[in-house]
Amino acid sequence: MTESETQEAKEVVATSKPSRSSRLYVQSGPLLAWTIIYSILGAVIFALASLIPMPFVMAWLFRFGIVPATAVIAVAGAIRGPVAGFLTGYLGTLIYDMISAGVVVTMTVPAAAWGILGLIVGLTRYDFTKGRSLAKLSVMSVVAYVVALVILLLIGLRVEIYPTLAAMVFFLVPMLTAGIPSVFLLSPIYARAWYIFTVKARPSQLVP
Amino acid sequence: MDSRLLECSVRGVYLAFLQKNKFFVCAVAATIVLTGMTFGNLPGPATQTGVQVVNGVVYNFADYPALNHEQLGIFNYLDHLVVDQSYGSWDGWYAENFHGLLHYILAFLTYISSGMFETTPGYRTDYYREFAWGLLQRMNTSESEWNDTSIEYLEWNHPDYKYNQYWYPNAESPNVTVDVYTGGFRGPANIMWTGHYGLMEALYERNFNTGETFNELTWFINDWNNSLTTDGRGNPQAGGIWKIGLIPCEPYIAFVNCNSIPMFATYLYDDMYATDFQHIWDYGLNFSNKVAQDEYGLFANGYYVQQPLGYQQPTQGAEQPFPGNAIDRQSGDGSPSVSGYIEAWALMFLEPIQSNETIHDYPIFLDVYGRDISGDRFCILGNYRHPETYGVTDMLANFYAMPLANQRGDLVTGQRIRNFLYSNFNKIWSADGRRMWYDATSLIPFLQAPLSAAWLWGTTPKVIRDLFDARPTEFWDYPYISHANDSSIWVYQATWDSTKSAFILNVGVDQTATLSFSNFGHQPKAYAGGALYQDLTLAISGEYALTLTPGTYQIVII
């Protein structure tokens, strides 16, 4: 790719203001195909990242550490819109559950909760060249993550019916304390990394 | 270009980049800092295995059972608690508010460590034997010697328990010509101690074959025989003293899980000493499978043989029948009381005796008591009738479910339960790098030793079922490590392969250490990587010694 093409691609991303409906990336056959490809790729990356044991430190009930996988869902939504975000979280969780344990949990409803994380992040548009927009992505990722956890908690307490105390001690508190910093910090890093990679490798994908 | 100009230009580019990417740079920096500060609790290293060909014979180390570094670290931690202080001291056990559970930990540490010993049966130095002996001695600490730090006091005579002498059936004003004295601390009424103590003794003999506990164990076997097949005075009576074929504890309520322990001990005793006592449990087994059941065909949480002293009926709902299954007092509908840890415990220890029952009930147990937390996490409820509550007994249900899953070959469920339990605790290594434990001091300190031991139980390749049979007679003639610098080595694999007549040794060495082998009938040679590594040297004691410098070795000794 020539330097002028790269610059052109950057300008396209920086200045484009598409309509709300175009954020779904499903208006045409090629767009839908690319959205599905992005979703599958995102789901596979999420599942693989989830399989890697990550370091952490516990301080009472609070778990501290980086969880790289969750931010993949958020960034999939940020890059390719709510449909890709939802599918990345949903399919990625299903793939991970099948690989790691061979189970489908509660009729895939928890997987859908992770999908909602990507969906919420994908509802708005981001400019990965600007710090303010990356900060918006971080905030949106945190909001979406908390929503996903609340849904998961409700599923646990109302559908699976496991103990409230166990849900708090072994699930909600550690997930919040490890997950919020992770999605807040990693979402903009992933997004920027994807942007840099795409500008060099496939600038046409930057065109909305 | 002038070098200063170039330097300024580069600096300017960097500054411009930083200015334009403040948030991104801050996020990267914060991620690096956070990752660095929270770098811990990663899975421990797997035990290295390999294939060696010695004199044309192939030795694949992956074919032999192995322990890993963390399992041995946890054992060292438990050994420190058991052996490195007097039998009446309980520093580090955090059992002040759980004195009635302490003897259970001692018993289950015996069962857990026995699985470990069975994994490396060729490593039988005093290090392992003294641990098992220490557990036995602690279990049997008497009030006369150790006062209020003895198990006799903590488990039986503590003021928390109102009664410690029992008669049957007339408990309150017994007639010695009609009623049977069912004993105190060491009597039948305390099956929750005698059963465990008996099995601890049986396993000690199975593992170390010293004969030290044979007489006392035989006394318990005879006592159970008397309780289960006679009216207590030697007159034959179906179902024994209590007519259910089980021995109650607390003391007028019988639990299947508590009885599964002396059952296991009796079967093992029969196998070790060629006796035939196991049939004393036939009536009780049948009773457990037919009567002491809940609506799912799982074991109920207790069967009352008569009304206990001081028993209060529920103020609302169904009354407790006597005799009858203990009812769930909160439900009020008379349904049997249930317990996840009792079920998992009983299914595990009864599997070698009635494997069809456990194989049939295990999936039902998971279905009724299990809950999906997520795809990779699974928890067991303490009580499926009241899933909203959570406490120590719920933790115990998970502790027992892990080795049960392991025993059933359900490794995925075992891993999911471990993911649920252990993701909330830090692994701590001692400063000398020899001991590891899971830190539970911030939650329930008492759980620290059980939590650490349960990890060992849930991951050791040899399970309770593997301890059910006596070792073959020829086993005691196989070469084994009889002495070693135990505090400097990590024995991952130590097995005599009787078909290939070779000793398989996989060992880590911290400081130069000597391992002495007994039962070799010739001067053995040690091979590493398929090549001759060392001729073992003959010591005055008749043992052959292998000296190893720091490192990790996979050695075949022929």
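Two residues are in contact if their C-beta atoms, placed from the backbone, lie within 7 Å. By that rule, residues 24 or more positions apart account for 65% of the contacts in chain B with a separation of 6 or more. The model is predicted.

**Chain B overall**

- Chain B holds 16 helices and 20 strands.
- Its C-alpha atoms fill a box of roughly 110 × 70 × 45 Å along the principal axes.
- Of the 558 residues in chain B, 46% are buried.
- Chain B is divided into domain 1, covering 3-37, and domain 2, covering 51-60 + 481-557.
- Taken over C-alpha atoms, the centres of domain 1 and domain 2 of chain B are separated by 56 Å.

**Helix 4 of chain B**

- Helix 4 of chain B runs over residues 102-119 and has 18 residues, which at 1.5 Å a residue should span 26 Å.
- Helix 4 of chain B is largely enclosed by the rest of the structure, because 16 of its 18 residues are buried.

**The open sheet 5-6-7 of chain B**

- In chain B, 3 strands form an open sheet in the order 5-6-7, with antiparallel pairing.
- Strand 5 (253-254) and strand 7 (324-325) of chain B stand at the edges with a single partner strand each, so one side of each has no neighbour in the sheet.
- Strand 6 of chain B, residues 303-304, pairs with strand 7 of chain B in the antiparallel sense over 2 bridges.
- B:Tyr304 has B:Gly324, in strand 7 of chain B, as its bridge partner.
- B:Ala254 lies in strand 5 of chain B.
- B:Ala254 counts as buried because it has 26 C-beta neighbours inside 10 Å.
- Leaving aside neighbours within four places in sequence, the contacts of B:Ala254 include B:Trp242, B:Ile247, B:Pro248, B:Gly302 and B:Tyr303.
- B:Asn301 is 47 residues from B:Ala254 along the chain, and their C-alpha atoms are separated by 8.8 Å.

- Strand 16 (residues 525-528) and strand 17 of chain B run antiparallel and are joined by 4 bridges.
- B:Ala528 stands opposite B:Ala531, which belongs to strand 17 of chain B.
- The hairpin has 2 residues between its strands, and B:Gly529 takes a positive phi near 60° there.
- Strand 17 of chain B, residues 531-535, is hardly covered: the count of buried residues among its 5 residues is 0.

**Contact between chains A and B**

- The contact takes 40 residues from chain A and 36 residues from chain B.
- On the side of chain A that touches chain B, the elements giving two or more residues are strand 1 (57-59), helix 3 (68-100), helix 5 (131-160) and helix 6 (164-201) of chain A.
- Helix 6 of chain A supplies the largest share of that side, 13 residues.
- By class, the side of chain A that touches chain B has 29 nonpolar, 8 polar and 3 charged residues.

**The largest nonpolar core**

- The largest nonpolar core has 219 residues, of which A:Leu117, B:Ala344 and B:Tyr400 touch the most other members.
- Helix 3 of chain A gives the most to this core, with 18 residues.
- Not counting residues up to four places away in sequence, A:Leu117 touches A:Ile73, A:Ala74, A:Gly89, A:Ala144, A:Tyr145 and A:Ala148.

Technical notes: Residues are numbered from 1 along each chain as its sequence is written. Chains are lettered from A and ligands numbered from 1 in the order in which they are written. This is a predicted model: local features need pLDDT of at least 70, side-chain atom pairs count only at pLDDT 80 or more; totals for chains, interfaces and linings use all residues. A residue is buried if 20 or more other C-beta atoms lie within 10 Å of its own, exposed if 12 or fewer, and partly exposed in between; C-beta atoms are placed from the backbone. Two strands pair if DSSP finds at least two bridges between them. The expected span of a helix is 1.5 Å times one less than its number of residues. Ala, Val, Leu, Ile, Met, Phe, Trp, Tyr, Cys and Pro count as nonpolar, Asp, Glu, Lys and Arg as charged, and the others, Gly among them, as polar. A nonpolar core is a set of buried Ala, Val, Leu, Ile, Met, Phe, Trp, Tyr and Cys residues joined through C-beta atoms within 7 Å. Domain bounds come from an automatic or database domain assignment.
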